Protein chains: 2
Amino acid sequence: MTEPNDIEMAEGTRRVLDLLARKWSVGVLYLLARGTRRYSELFYEVGEVSKKALTQTLRSLERDGLVVRRVYPEVPMRVEYSLTPTGWSITSLLMSMYEWSTEHDDRLAA
Amino acid sequence: MTEPNDIEMAEGTRRVLDLLARKWSVGVLYLLARGTRRYSELFYEVGEVSKKALTQTLRSLERDGLVVRRVYPEVPMRVEYSLTPTGWSITSLLMSMYEWSTEHDDRLAA
DNA sequence: CTGTATCCAGTAGGATACTG
DNA sequence: CAGTATCCTACTGGATACAG
């Protein structure tokens, strides 16, 4: 197998970043890492998000295979979101980034 | 010290992602990880980038303390870019992301 | 060689109102 | 409860021409 060059590494890395690029994706993933959550729970816990943005975030995470959506057609309706194995595996990357941020927050302030 | 909650972890993680959010930031960092490069070298090696976008990328990396810019007022002019210690330290994060992408590229294709 | 200036298009997300 | 529809703004980057 040939060595990956800079362009290939940058492309692979960018694909990961694109998975997390939306404003609320990371917050949603951290919440779901603690367990399954309903739409309204995410809506109230993730921050000052609009329903439109939250839905877009969830749909994009679902398309990318990080999150699963389950609908329970009760009255009132219930929709639950949870991490896929892939979604779960990416949380270790998130925690590495958080840890790096704590080691460099002096620089991030500037 | 108190445990960080999800919101704090998401905020720290997002600050790191914001550092890398621009389209060409990752490519530039990978190139500079191999050593100092001139503007024109980056321009030709990083991909199909416009000069405007490359300059914006470099300015933003410089503001965030990941890159240093050095000007040599010769004729013709020479400008060199290189990683700061902070910039260097973030490359290990980039490589973790690249590695993750290679382990999940089946999912990324979908 | 190393950028700036200008114009233009696509995308993300906030606010608000409405729906099955 | 869990969204969708509409309107609007900000940001990002490509193309092109021009400048120190």
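Me: What gives the most to the surface near DNA strand D?

Reply: In this predicted model, α4(A) gives the most to that surface, with four residues. A residue counts as near when one of its heavy atoms lies within 4 Å of the strand, and 20 residues surround DNA strand D, the closest being A:Lys51, A:Arg69, B:Arg22, B:Lys23 and B:Lys52. Sugar and phosphate make up 65% of the atoms of DNA strand D that come within 4 Å of the protein. By class, the residues of this surface are eight nonpolar, three polar and nine charged.

Me: Why is the relation of chain A to chain B called that of a two-fold axis?

Reply: Chain A can be laid on chain B by a turn of 180 degrees with a shift of 0.0 Å along the axis, and the RMSD is 0.0 Å. That is the relation of a two-fold axis.

Me: How do you know through which surface the copies meet?

Reply: Of the interface residues of chain A, 100% are also interface residues in chain B, and therefore the copies meet through the same surface. The contact takes 39 residues from chain A and 40 residues from chain B. The area buried between the two chains is about 3600 Å², with carbon and sulfur atoms giving 69% of that area. On the side of chain A, A:Asp6, A:Tyr98 and A:Trp100 lose the most area to chain B, together 18% of what that side buries.

Me: Why is the pair of B:Arg34 and A:Asp6 called a salt bridge?

Reply: The rule asks for a side-chain nitrogen of Lys or Arg within 4 Å of a carboxyl oxygen of Asp or Glu; for B:Arg34 and A:Asp6 the closest N and O atoms are 2.8 Å apart, so the pair meets it. Across the interface of chain A and chain B the rule finds two salt bridges.

Technical notes. Residues numbered from 1 in each chain as written. Chains lettered and ligands numbered in written order. Predicted model: local features only at pLDDT ≥ 70, side-chain atom pairs only at ≥ 80, totals over all residues. Heavy atoms only, no water. Helix = DSSP H or I, 4+ residues; strand = E, 2+ residues; numbered from the N terminus. Nonpolar A, V, L, I, M, F, W, Y, C, P; charged D, E, K, R; others polar. Least-squares fit on C-alpha atoms with pLDDT ≥ 70 in both. Contact = heavy atoms within 4.5 Å. Buried area = accessible area lost by both parts, 1.4 Å probe.
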